[in-house]
Structures are given as C-alpha cells and as structure tokens.
Amino acid sequence: MQENLSWTPPSGPLGRLSAAAAERSSALRLRLDDLKAQVRDAPPVTSFAKALRAGETIAVIAEIKRRSPSKGEINAEIRAGDRGALYEKAGARALSVLTEPSEFGGSERDLVEVRDRVSIPLLKKDFHVDEAQVWEARALGASAILFIARALGPGRLEGLVDLALDLGIEPLVEVRSEAELARAVATRAPAIGVNARDLETLVIEQSVTERLLPSIPRDRVRVAESGMTAVPDVVRAAALGADAVLIGSALSASSDPAAAMRALAGVARVAGA
C-alpha cells in the first residue's frame with residue numbers, strides 16, 4: 001500500500017516506452033468493439049504457466065528480438081515465423097514475441113506469424129498499460145501478456161491482471177524490488193519474473209535476481225529475465241529456484257541459434273531450490 005501511495009511514473013527508457021504505449025492505446029480503444037468481437041470468436045490458447053512447469057529441465061522462453069534500447073541493432077533480418085519455428089524445434093517451452101515497434105522493431109504481425117507456425121505458448125512482450133492492449137493480445141492469440149510493475153500506478157496492476165485472466169490469457173508480472181514483488185504476489189498472476197536489467201537506467205544487476213527470485217512463492221512460476229547468455233547463466237538461475245528463463249539477445253545474435261537453443265534447454269531443474 002505504501003508503495004502505491006508514493007508511486008511516481010517511471011523515468012528513462014521505461015518511462016518513454018510506457019508513454020508511447022499509452023499513445024498507441026488511444027487508437028486501439030477506437031477498435032475496442034471489434035477486438036471484443038474477435039475475442040468472443042477466438043479459440044482457447046495453451047497455458048503458459050503449465051508449459052513452463054512441465055519437464056525435468058528449466059523451461060526456456062525464447063524471445064524474438066531485432067533490437068533494443070540497451071544493445072541497439074541485434075539482428076534486423078529475423079523473420080518472426082521462421083525463427084519461432086526454429087526455437088520450438090530446438091526445445092523452447094514458450095516464445096516471447098516483442099511487439100513494441102519504435103525501439104524493439106516488433107509488431108503485432110510478428111505475433112500472428114509466429115502463432116501460425118508453432119504450437120507452444122506465446123508471450124506478448126510489450127509495455128502494456130491499457131485495457132485495450134489486453135483485449136488485443138487475446139484477439140491476436142497470445143497465451144500470456146507481460147505487465148511491468150514499475151510502469152503501472154496504483155490499482156492498475158491488479159486491474160489489468162484480473163482482466164487478462166478473465167479473458168483467458170495468463171499474466172507474467174515483472175518486478176525488481178521487494179515492494180514490487182509484494183504487489184505482484186497480491187494479484188492472481190500465475191507467473192512472476194525478476195528482471196536483472198533496470199529498464200530506467202538499462203544497467204544489469206544480477207544481485208536483484210539473486211535476492212528476489214527465491215522469494216517468489218512456489219505457487220507462482222518463477223522466471224529469471226535478462227543478462228543470460230550461456231548455459232552457466234541458466235545453471236545459476238536453476239540454483240536460485242527458477243522454473244524458467246527468458247533469453248532474447250543471445251539467441252537473436254547467435255550464428256547458430258538452433259544449437260544455442262538446444263544447449264540452453266538442457267539445464268536440469270534443481271529440486272527444492
């Protein structure tokens with residue numbers, strides 16, 4: 001409660017991208033009736049949380065990413081559908097599809113192309129701040145949607161999580177502090193992620209993951225995000241109790257993404273961690 005009372009809008013890249021997302025949402029709201037009609041006719045989607053808990057190895061959420069504010073151009077030539085199919089064949093348990101256009105080079109078309117090529121769950125990765133974006137995510141066929149706790153003011157996080165679940169889409173709530181984790185746990189979100197990268201400064205702090213990930217309740221899927229490039233990074237996440245890791249830049253930049261994906265997907269879970 002105290003954090004809600006003292007909340008201030010985010011700064012830096014997170015503030016900029018959240019503001020841009022709010023502007024894009026104004027156009028979406030004009031299409032809300034059409035989006036709701038699409039959702040009524042949409043088939044059910046595969047559970048994101050169940051997919052991440054399955055199997056004896058740490059689940060890899062492979063991200064389709066062309067560029068980012070922290071790294072600039074990563075791989076402008078990625079074709080979303082082809083890359084998604086490659087990751088699925090190589091062992092990805094779920095896919096994260098960036099739809100943010102201005103600084104990540106993504107689009108809703110990417111999500112549709114991937115949806116039509118794979119059977120594993122899809123996370124719509126964007127700066128979601130408005131109800132219309134949730135309706136759009138479900139209409140596009142996403143299984144899951146990202147909410148960044150730092151970007152959402154008092155009452156917004158819980159309301160967006162509830163709407164997503166009511167529509168049959170599972171939220172992944174991203175946190176970076178104990179107060180944000182408490183907010184996430186107070187919602188019904190089935191998955192909570194700890195982002196090692198501060199999206200306001202773009203600095204990576206692995207100590208944040210080390211501190212917060214083990215504190216996520218075991219009834220939620222624990223996801224480690226950012227700063228992981230190789231198998232030893234996934235091994236460390238497993239030791240902290242991660243159910244899943246989200247890896248984007250390392251896979252996007254790899255000269256052999258299939259081999260990289262297979263290696264990352266082979267790390268065993270750590271019982272009791």
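Student: By class, how many residues in the lining of the largest pocket are nonpolar, polar and charged?

Tutor: The structure is a predicted model. In the largest pocket, the lining is made up of 32 residues. Sorted by class, these are 16 nonpolar, 8 polar and 8 charged residues.

Student: Which element supplies the largest share of the lining of the largest pocket?

Tutor: Strand S6 (144–148), strand S10 (244–247), helix H12 (249–253) and helix H2 (12–29) each contribute at least two residues to this lining. The largest share is 3 residues, and the element that provides it is H2.

Student: Which residues of the lining lie nearest the centre of the largest pocket?

Tutor: The space in this pocket amounts to about 460 Å³. Nearest its centre lie Glu63, Lys65, Lys125, Arg197 and Ser226.

Student: Why does Thr57 count as partly exposed?

Tutor: Thr57 belongs to the loop between helix H4 (48–53) and strand S1 (59–64). Buried means under 20% relative accessible area and exposed means over 50%, with partly exposed in between. Thr57 counts as partly exposed because its relative accessibility is 22%.

Student: What is the length of the polar contact that joins the side chains of Thr57 and Arg93?

Tutor: Leaving aside neighbours within four places in sequence, Thr57 is in contact with several residues, including Arg93, Ala265 and Gly266. The side chains of Thr57 and Arg93 are joined by a polar contact of 2.9 Å.

Student: What distance separates the C-alpha atoms of Thr57 and Ala137?

Tutor: Along the chain, Thr57 and Ala137 are 80 residues apart.

Methods:
Residues are numbered from 1 along each chain as its sequence is written. This is a predicted model: local features need pLDDT of at least 70, side-chain atom pairs count only at pLDDT 80 or more; totals for chains, interfaces and linings use all residues. Side-chain values use heavy atoms; hydrogens and water are left out. On a 1 Å grid over the protein atoms alone, a cavity is a set of points where a 1.4 Å probe fits but cannot get out, and a pocket is an open set with protein on both sides within 12 Å along at least five of seven lines; lining residues have an atom within 4 Å of a point. Grid points are joined across faces, edges and corners, and a volume is the space filled by probe spheres set on the points. Helices (H or I, at least four residues) and strands (E, at least two) are DSSP runs, numbered from the N terminus. Ala, Val, Leu, Ile, Met, Phe, Trp, Tyr, Cys and Pro count as nonpolar, Asp, Glu, Lys and Arg as charged, and the others, Gly among them, as polar. Buried means under 20% relative accessible area, exposed over 50%, partly exposed in between (1.4 Å probe, protein chains only). Contact means heavy atoms within 4.5 Å. A polar contact is a pair of N or O atoms within 3.5 Å; within protein, one must be able to donate a hydrogen and the other to accept it, and residues adjacent in sequence count only if both atoms are side-chain atoms.
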